[in-house]
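Reader: I am new to this structure. Please take me through it in short steps.

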Amino acid sequence: MKVAQELRTGNVVVVDKAPLVIQKADYNKSGRNAAVMKFKFRNLLTGTNSEGVYKTDEKFEDIVLDTKEVSYSYESGDMYVFMDEEYNQYELSKEDIEGVLKYLEEQMPCEVTFYEGKPISVTPPVKVVREVIYTEPAVRGDTSGKIMKPARLPSGYEVQVPAFVEIGEKIEIDTRTDEYVSRVK
Amino acid sequence: MNFLRSVDLFCRVIDNFGDVGVCWRLARQLAVEEDLQVRLYLDDLESLYKIVPEPDKSVQLVKWVDDLVYAESADLVIEAFACDLPDQVIEAMKERDRPPVWIDLEYLTAEDWALSCHAIPSVHPSTGLQKTLLFPGFVEESGGLLRENDLIERRDSFQSDVFVQNQWRRTHNLPEFDENCIDLSFFSYKTAPIEAFFDELSEYSRAVRVFYPVLEGFGVEKRGYLTIYRVPFFSQSDYDYLLWTCDGNFVRGEDSFVRAGFAAKPMIWNIYVQENDAHLVKMRAFLDLYRAAFLPNVWEGLAESFYLWNLEGEIKKGVWKILLDNLPVLTQGARLWAEEICSQDALVTKLLEWGKNNNILIKKDKL
């Protein structure tokens, strides 16, 4: 069993007797230090997609499937190609890797998950370093550095960063929660 | 589809009065305005009695104890603020021929992510029941705000009649309306820079009267131009009158914050502090919405007041003077904000519409 907060893109869980692969996992802080997870699932038996929103401490039955270390190679039409050390290529659709697209860049190490021999999803590294390509100057009234502001990554995805982070700086991000970790020199 | 006749609402009081305040308000609206049978399960009834000394009988109050006996589930089960339903309740829900509609009423936030998570029926992983998280909010796509049907009519009637306001003030040992004084209601967490705030008000160019509900230590304190009236806690309904009669309101948490918005008076919000300063992200999201109601020349001063009030340890002189100087213009913005949030359906209306539109819950009289 895993709690919702531990689940990541690429994990497979059983809900209502159906195996569901998590295509996207979004973590958000709710009130009073609670948090919620929003998942986008694909049913491995029927191929249908669904969504679910859960408290982070909700327990799920997870299935351990075969995985392989790969790195992202290139985009080919609607497919994304990943390669292992033996140069075997694995193609996944945009939908399969939706939760990873915001961090995807060439040679990024990932883990491909297989179901009945077929690649079904990709899990990104726990931490990635990305450049901030745009963020607004600090807000007036905040002299403490505690206020967060949005910062855009090369993929277009926005992550909340402290007010002192500037354009061009590199930041480390926790891909499990999509949260800023630190500035990288 | 379930016919909606009964509602069970579960609430654990973690701290303060926000949880119980919201849950009582919701329970009462469902019972009185929607004519439903409502049971409110509370683990701490004493907290309710502090803000609702004499709860009317429209809602059945049940003390939520560990060995709670729960024979039959209602048509709609609301778990407030992810309070975790006890096993016997889950079992009773599973035993129904048609499982009840199970709602988790979440915390209020203006953040965009809440809109994307709002009202998505989700299969609960360990029970197989369907559970839906509802997120209250300030915009049309959100779960809305709790608002009684007659709230605005009552507010307008009270605010337009100084005689009635004075009568209410006398009943609560507050001074009568005086056009030479600025009256502020005051309700905040201890993390706010309260002493620095009072110091600055004491040096303001006009008399300022702060009405400060407390649980003990009542009395009147004078500091220069400032007079602080420490008065007993108000009931939930009287607290609205306090917000309506003041020139500005300092509020905290969730329930008083929402009510201050409806009061159409300028407000400063003290948000509940969270780990890793998550509360500041939430405050910024709210300010991004709130600013549309205010003129640019007064907005910066108001936003700065919000930050100062919520950044622990921050002291900056002059911010409160600007706030008081701007009160008349800020009042116009506060009225626009109240109109904006009143232009949308209230939370209960949205909840019932959602049930109907998803074909899972319909009131018998709406067939």
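Reader: What area is buried between domain 1 of chain A and domain 3 of chain A, and what share of it do carbon and sulfur atoms give?

Author: This is a predicted model. Chain A is divided into domain 1 (2-63), domain 2 (66-125) and domain 3 (128-184). The area buried between domain 1 and domain 3 of chain A is about 420 Å², and the share from carbon and sulfur atoms is 39%.

Reader: Which three residues supply 73% of the area that domain 1 of chain A buries against domain 3 of chain A?

Author: The C-alpha centres of these two domains of chain A lie 26 Å apart. Five residues from domain 1 and five residues from domain 3 take part in the contact. On the domain 1 side, three residues give more of the buried area than any other three: A:Arg8, A:Tyr27 and A:Lys29.

Reader: Which residue forms a salt bridge with A:Lys29?

Author: The rule finds one salt bridge across the interface of domain 1 and domain 3 of chain A. A salt bridge needs a Lys or Arg side-chain nitrogen within 4 Å of an Asp or Glu carboxyl oxygen. Here the closest N and O atoms are 3.2 Å apart, and the partner of A:Lys29 is A:Glu179.

Reader: How many charged residues are on the side of domain 1 of chain A that touches domain 3 of chain A?

Author: Two residue pairs are in polar contact between these domains of chain A, both at pLDDT 80 or more. By class, the domain 1 side has two nonpolar residues and no polar ones, and its charged residues number three.

Reader: How many residues of chain A are in contact with chain B, and what area is buried between the two chains?

Author: The contact joins 32 residues of chain A to 40 residues of chain B. Carbon and sulfur atoms give 54% of the buried area, which is about 3,300 Å².

Reader: Which strand gives the most to the side of chain A that touches chain B?

Author: Across this interface the rule finds four salt bridges. One of them links B:Glu79 and A:Lys55, with the closest N and O atoms 3.2 Å apart. At least two residues each come from β3 (18-29), β4 (35-43), β5 (49-55), β6 (59-63) and β14 of chain A. With five residues, the strand that gives the most is β5(A).

Reader: Where does a residue take a positive phi in the hairpin of β14(A) and β15(A)?

Author: Strand β14 (residues 148-152) of chain A pairs with β13 (residues 134-135) in the antiparallel sense over two bridges. Five bridges join β14(A) to strand β15 (residues 158-162), again antiparallel, and A:Arg152 stands opposite A:Glu158. Five residues lie between the two strands of the hairpin, and the residue with phi near 95° is A:Gly156.

Reader: What is the bridge partner of B:Trp102 in β8(B)?

Author: Chain B has an open sheet of seven strands with mixed pairing, in the order β4-β3-β2-β5-β6-β8-β7. Its edge strands are β4 (59-63) and β7 (122-123), each pairing on one side only. Strand β6 (residues 101-105) of chain B runs parallel to strand β8 (residues 130-134) of chain B, joined by four bridges. In β8(B), the partner of B:Trp102 is B:Lys131.

Definitions and conventions: Residues numbered from 1 in each chain as written. Chains lettered and ligands numbered in written order. Predicted model: local features only at pLDDT ≥ 70, side-chain atom pairs only at ≥ 80, totals over all residues. Heavy atoms only, no water. Domains from an automatic or database assignment. Contact = heavy atoms within 4.5 Å. Buried area = accessible area lost by both parts, 1.4 Å probe. Polar contact = N/O pair within 3.5 Å; in protein donor to acceptor, adjacent residues only side chain to side chain. Nonpolar A, V, L, I, M, F, W, Y, C, P; charged D, E, K, R; others polar. Pairing = 2+ DSSP bridges.
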